[in-house]
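Please look over the sequence and the model below before reading on, and keep both in view. The paragraphs that follow lead you through them step by step.

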Amino acid sequence: MLQAAAVVENVLQELKARSADLSGEDLLQGRIHVYSTVDARVQQILNEALEHGLELYEKRHPSSKGLIQDLSLC
């Protein structure tokens, strides 16, 4: 499963902005289809690189540990 919460959130915001009669429920029920240029493989690589960078940052700055959102929740 693609872990790109920001993309999903953006799609839902676009639905709301473009049409009052479309909703996330329409999307979930398959009444509409959304196509995206998001590449799941590239997204995964980027997420891993960012996670690694955050781990290195927290090692250099121990007091920041746990202050930055866990990317695995996105």
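Glu58 has a relative accessibility of 16% and therefore counts as buried, where buried means under 20% relative accessible area, exposed means over 50%, and partly exposed lies in between (1.4 Å probe, protein chains only). The place of this residue, Glu58, is in helix H3, a helix being a DSSP run of H or I with at least four residues, a strand a run of E with at least two, and both being numbered from the N terminus. The model is a predicted one, in which local features need pLDDT of at least 70 and side-chain atom pairs count only at pLDDT 80 or more, whereas totals for chains, interfaces and linings use all residues. Residues are numbered from 1 along each chain as its sequence is written, and side-chain values use heavy atoms, with hydrogens and water left out.

Which residues does Glu58 touch, once its neighbours within four places in sequence are left aside? Glu58 is in contact with Ser64, Lys65 and Gly66, contact meaning heavy atoms within 4.5 Å. With Lys65, Glu58 also forms a salt bridge, in which the closest N and O atoms are 4.0 Å apart; the term stands for a side-chain nitrogen of Lys or Arg within 4 Å of a carboxyl oxygen of Asp or Glu.

Ser64, another of the contacts of Glu58, is found in the segment after helix H3, which covers residues 40-60. Is Ser64 buried or exposed? Ser64 counts as buried, because its relative accessibility is 11%. A polar atom of the Ser64 side chain lies 2.6 Å from the backbone oxygen of His61. If residues up to four places away in sequence are not counted, Ser64 touches Tyr57 and Glu58.

Tyr57, like Glu58, has its place in helix H3, but with a relative accessible area of 33% Tyr57 is partly exposed. Leaving aside the neighbours within four places in sequence, Tyr57 is in contact with Ser64 and also with Ile68.

How many salt bridges does the structure hold? There are 3 of them, and the pair of Lys65 and Glu58 has already been described. In general, side chains of opposite charge can pair when their charged atoms come close. Another salt bridge joins the side chains of Glu14 and Arg18, with a distance of 2.7 Å from N to O. Both of these residues, Glu14 and Arg18, lie in helix H1 (residues 5-18), where they are 4 residues apart, about one turn of the helix. Glu14 counts as partly exposed because its relative accessibility is 34%, whereas Arg18, at 70%, counts as exposed. Arg31 and Asp26 also form a salt bridge, and here the closest N and O atoms are 2.8 Å apart. In this pair, Arg31 is exposed at 53% relative accessibility, while Asp26 is buried, with a relative accessible area of 13%.

From single residues we can now turn to the chain as a whole. Buried residues make up 14% of the 74 residues in the chain. Among contacts between residues at least 6 apart in sequence, 34% join residues at least 24 apart. The accessible surface of the chain comes to about 6,200 Å² by the Shrake-Rupley method with a 1.4 Å probe, and 57% of that surface belongs to carbon and sulfur atoms.

Finally, consider the largest pocket, in which about 240 Å³ of space lies. A pocket is found on a 1 Å grid over the protein atoms alone, as an open set of points where a 1.4 Å probe fits, with protein on both sides within 12 Å along at least five of seven lines, and its lining residues have an atom within 4 Å of a point. The lining of the largest pocket consists of 10 residues, of which Val7, Val8, Val11, Leu27 and Val34 lie nearest its centre. Two elements, H1 and helix H2 (24-28), each give two or more residues to this lining, and the largest share, 4 residues, comes from H1.

Definitions and conventions: A polar contact is a pair of N or O atoms within 3.5 Å; within protein, one must be able to donate a hydrogen and the other to accept it, and residues adjacent in sequence count only if both atoms are side-chain atoms. Grid points are joined across faces, edges and corners, and a volume is the space filled by probe spheres set on the points.
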